[in-house]
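Subject: Structure for you to look at

Hello,

Here is the structure I said I would pass on.

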Amino acid sequence: MPWAIFNRPSIQLSSLQAYIRQHGGETSAVETSHPYLTAAGEIGLENYRIISENTWAAEALYCALLFPDRYDKARHVYQQSLNRKTARALPDFDLLAEQLDVHLNNWLARLQPEKYSLAGFTVCFSQLPASLLAVRRMKKKFPGLPVVLGGSTCTPRIGSSLLDAFPEIDFVINGEGEKPLFRLIQYLAGAKEHPGQDVQYLEAVKQKKIRPEPHLPNDEIRDLNSLPIPDYTDYFAELHRTGLSFIPVLPLEFSRGCWWNKCTFCNLNLQWCGYRAKNSGRVQQEVELIAAKYRSLDFVFTDNSLPPKEAGRFFSAITGSKKDLRFFGEIRAPVTPESCALYYAGGLRSIQAGIEAFSNSLLERMNKGTRVIDNIAVMKFSLEAGIKLDGNLILEFPGSTEKEVDETCRVLNYVLPYRPLKAAAFFLGHGSPVWQNPRQYGLHAVTRHHYNRQLYPEQLLAKMEMIIQSYRGGRKHQQTIWQPVREKIRHWQDFHAARKDDRPALTYRDGRGFIIVRQECPGGEKLHHRLHGLSRKIYLACREPVALQKLGTDFNSIGEKQLLAFLEDLKRKRLLFQDEDLCLALAVKEQ
């Protein structure tokens with residue numbers, strides 16, 4: 001259902017379809033449907049894109065249809081969650097809701113229930129209200145058709161609460177879907193006596209036979225290389241019928257879970273019981289087959305973070321394919337200039353990097369396993385390699401101090417030349433370490449999010465566990481102290497929006513005996529710095545994070561006092577960043 005990204009097939013549906021066909025043979029006829037694709041065509045691709053990037057606006061539209069008596073409150077949430085500029089760019093709320101209402105009814109009218117023995121919905125992010133509305137209308141029209149929900153939103157506690165609150169749902173699958181879904185199909189066909197422990201079902205919840213445990217058993221596939229290649233045929237057939245004109249970006253799966261999986265704010269891995277990855281050869285085979293079958297060159301990795309060693313092997317192999325392939329992936333710091341250059345040569349053109357903070361103590365409390373200088377280095381190395389980097393700064397993390405905010409503001413002065421990050425206010429995610437141990441992070445109570453209290457009837461919300469929650473404990477204080485960071489990020493974004501030069505804002509050119517550094521400043525001022533002889537050598541020695549002790553050893557001819565004075569001058573000019581005992585030159589080599 002909406003609000004999946006319209007120009008990507010659903011890798012969830014495509015993977016499940018391929019698995020069931022592989023294991024069920026010709027007796028398992030599976031069709032996939034992508035109502036989000038036709039919904040995008042109905043309301044307009046750009047309107048759909050904007051709404052899909054605004055979680056609460058997206059949910060409000062379908063909640064207005066799901067709970068008509070809360071229509072006005074849903075409209076209010078929609079308006080409150082969009083800034084004025086975005087709201088003006090979109091059609092009226094009532095028109096959008098009407099279009100989505102008609103679209104859903106038309107989609108249901110095309111279904112032929114006699115063909116099916118089970119209807120399944122994959123539910124992620126802001127798809128819950130749309131899925132609940134579709135299930136409710138489907139059950140009213142086809143009461144004998146069993147319905148199952150799965151996906152990252154359907155954690156054990158949330159899944160059991162959905163069964164309790166919405167009797168139209170018959171089954172909920174927890175975690176990885178392939179094996180549980182296939183067993184459920186066998187159960188419905190009479191070939192098994194029980195759907196399995198990782199399938200929650202309505203009668204068991206009513207009889208209190210299933211407790212909402214934080215984790216239920218999940219029979220995961222240990223060797224991802226054994227999985228069939230996802231089948232995107234149905235999506236392309238639907239796209240052809242819509243007449244929409246765009247070339248899709250195809251999802252790829254290198255791994256499941258997160259190889260780090262320690263960040264205290266994160267709840268993205270609730271559906272996985274462990275980390276697993278395919279080998280690079282298998283992923284290369286998938287890319288070649290999928291590219292040829294669907295005549296596509298653009299791909300997005302769905303991984304929480306690409307596996308460093310196997311990703312390096314993959315991009316190295318792809319470099320020799322002579323195909324003009326393009327990839328997006330998520331990565332973790334630290335990285336090296338060599339790895340970024342290798343990724344770019346293999347077609348990695350844009351990345352999401354888990355930066356999150358520019359304060360070492362804050363990074364430590366987030367359990368990121370990185371330092372500020374690692375985050376700055378990944379921004380520098382990706383820019384130098386030609387890779388577009390997107391990332392977030394998490395603001396208002398519980399317990400943040402004014403000292404950490406000041407440190408963040410100071411660091412923002414140094415990263416001005418790099419692609420701006422986005423400000424992302426901390427939200428309390430169900431299942432995250434902060435949610436599990438709220439008092440450890442200074443939270444007095446975990447509460448319902450105020451938008452959910454407006455969108456859902458009170459008696460229904462009392463039964464439901466929601467993926468986004470709220471809390472009491474210093475929230476107003478956090479919003480106040482982080483305001484200077486928000487302002488600095490806006491200035492950072494404005495600086496880059498006003499730039500006319502395609503080159504990075506801080507570059508150097510090497511004349512061997514000297515280097516010339518070109519520096520753009522706010523207001524359009526351009527500065528040039530010439531470093532020659534030993535000064536050049538010291539600056540180039542800081543291309544990657546380097547310890548002060550090593551610099552002192554390698555350049556002992558000038559003495560510690562003179563070296564520190566030179567580094568201090570570079571820092572004052574914002575040509576170099578120092579993070580405690582480490583230094584990093586900020587200028588990128590001009591191509």
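Predicted model: local features only at pLDDT ≥ 70, side-chain atom pairs only at ≥ 80, totals over all residues.

Cis peptide bonds

Two places to look at are these. A cis peptide bond links A333 to P334, and its omega is about 0°. P334 sits in the loop that runs between β9 (326–331) and α15 (337–345). Another cis peptide bond joins P2 and W3; here omega is about 25°. W3 belongs to the segment before α1 (11–24).

Positive phi angles

To find R295, go to the loop between α13 (280–294) and β8 (298–301). Is R295 buried or exposed? The relative accessible area of R295 is 77%. Exposed means over 50%, so R295 counts as exposed.

E580 is also not a glycine, and its phi is positive, near 55°. E580 lies in the loop between β21 (576–579) and β22 (582–585). With a relative accessible area of 57%, E580 is exposed, because the cut-off for that word is over 50%.

When you go through the model, you could start with the loop that holds P334, between β9 and α15, and then turn to the loop that holds E580, between β21 and β22.

Regards

Notes. Residues numbered from 1 in each chain as written. Heavy atoms only, no water. Helix = DSSP H or I, 4+ residues; strand = E, 2+ residues; numbered from the N terminus. Buried < 20%, exposed > 50% of the residue type's maximum accessible area, 1.4 Å probe, protein only.
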